[in-house]
Amino acid sequence: SKYHGYPCYNFRCKRGKTCKLDADNKPRCACQEPAECPASTNTFDNVCGTDNRTYDTSCHLFATKCNLDGTKTGHRLHLDYSGPCKLIPPCLENELSQFPLRMRDWLKNVLLQLYELDSMSPGYLTPKQRFKVKKIFENERRLYPGNHTVQLLAQDFEKNYNMYIYPVHWQFAQLDQHPSDRVLTHSELAPLRVPLVPMEHCTSHFFQKCDADKDKQVSFKEWTSCFGIKNDDMDPNLLF
Ligand SMILES: [Ca+2]
Ligand SMILES: [Ca+2]
């Protein structure tokens with residue numbers, strides 16, 4: 001094609017940056033101007049930043065962040081959740097303690113759903129994952145998806161504890177990919193946090209609390225203990 005010889009063709013830059021030619025006509029990644037971002041087509045494109053400001057699109061947010069590179073404000077700016085900023089009710093202590101119960105149940109149900117999809121058309125799970133989820137799927141004692149009370153979820157976690165071990169490991173492995181170093185950064189947590197925050201107002205609080213040593217990252221050990229997995233059941237071999 002006519003663009004093939006263009007030095008910026010297929011030249012990839014990270015979010016917030018765009019390829020520009022330098023004085024020697026060499027392609028380089030430079031901060032994008034927010035004004036150059038394509039405008040939103042509807043409010044679903046809006047995102048709320050951790051500065052509690054609504055950005056037209058995630059492109060606008062990351063371009064703004066890039067232009068603030070090296071500043072404290074830039075360092076602190078992240079995508080908090082999708083949609084315009086809204087008033088998130090404060091997370092109460094008792095709600096916070098219920099969050100891992102619902103989240104664990106949800107993770108298990110996501111995997112069971114992937115298992116069913118994979119049974120109809122393979123590709124949703126790897127054979128290794130499938131083998132693990134099969135055991136949960138075939139266990140008749142499992143709690144079936146539904147709108148369960150906190151009491152029931154807590155009871156089930158005690159009774160069927162073993163069924164929750166893999167789903168908690170699985171979600172960690174899904175998120176820990178950039179890089180895969182057994183710690184989750186703020187941006188690695190984003191794919192989980194961003195859609196969840198508007199629905200579950202304790203999400204941000206929960207992940208902050210998970211970071212027990214306050215190094216701004218959630219380690220494998222912090223993650224598993226947040227979800228009530230015993231130290232003895234923490235198994236790096238289950239990270240797939
Ligand atoms: Ca990581
Ligand atoms: Ca930490």
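Modeller: A residue counts as buried when its relative accessible area is under 20%, and as exposed when that area is over 50%. Keep in mind that this is a predicted model. By that cut-off Asp-118 is buried, because its relative accessible area is 5%. Arg-130, at 24% relative accessibility, counts as partly exposed.

These two residues form a salt bridge, with the closest N and O atoms 3.0 Å apart. Asp-118 lies in helix 3 and Arg-130 in helix 4 (residues 127-137), so the pair ties together parts that are 12 residues apart in sequence.

Now the wider layout. The chain is divided into domain 1 (17-82) and domain 2 (93-238). Their C-alpha centres lie 30 Å apart. At the interface, 6 residues of domain 1 are in contact with 7 residues of domain 2. The area buried between the domains is about 510 Å². Carbon and sulfur atoms give 61% of that area.

What crosses this interface? The rule finds 1 salt bridge between domain 1 and domain 2. By class, the side of domain 1 that touches domain 2 has 2 nonpolar, 3 polar and 1 charged residues. There are also 2 residue pairs in polar contact across the interface.

Next, look at Arg-193 and Asp-80. Their side chains meet in a salt bridge, at 3.9 Å from N to O. The structure holds 5 salt bridges. The Arg-193 and Asp-80 pair links distant parts of the chain, 113 residues apart. Arg-193 is in helix 7 (residues 186-196), and Asp-80 is in strand 5 (residues 79-82). Arg-193 has 3% relative accessibility, so this residue counts as buried. Asp-80 is buried too, with a relative accessible area of 15%.

Leaving out residues up to four places away in sequence, Thr-203 touches Phe-99, Arg-193, Leu-196 and Val-197. Thr-203 has a relative accessible area of 0%, so it is buried. Its place is in helix 8 (residues 203-210).

Lys-209 pairs with Glu-93, and their closest N and O atoms are 3.8 Å apart. Lys-209 sits in helix 8 and Glu-93 in helix 3 (residues 93-120), 116 residues apart. Both Lys-209 and Glu-93 are exposed, whereas Arg-193 is buried and so is Asp-80.

Terms used:
Residues numbered from 1 in each chain as written. Chains lettered and ligands numbered in written order. Predicted model: local features only at pLDDT ≥ 70, side-chain atom pairs only at ≥ 80, totals over all residues. Heavy atoms only, no water. Helix = DSSP H or I, 4+ residues; strand = E, 2+ residues; numbered from the N terminus. Buried < 20%, exposed > 50% of the residue type's maximum accessible area, 1.4 Å probe, protein only. Contact = heavy atoms within 4.5 Å. Domains from an automatic or database assignment. Buried area = accessible area lost by both parts, 1.4 Å probe. Salt bridge = Lys/Arg side-chain N within 4 Å of Asp/Glu carboxyl O. Polar contact = N/O pair within 3.5 Å; in protein donor to acceptor, adjacent residues only side chain to side chain. Nonpolar A, V, L, I, M, F, W, Y, C, P; charged D, E, K, R; others polar.
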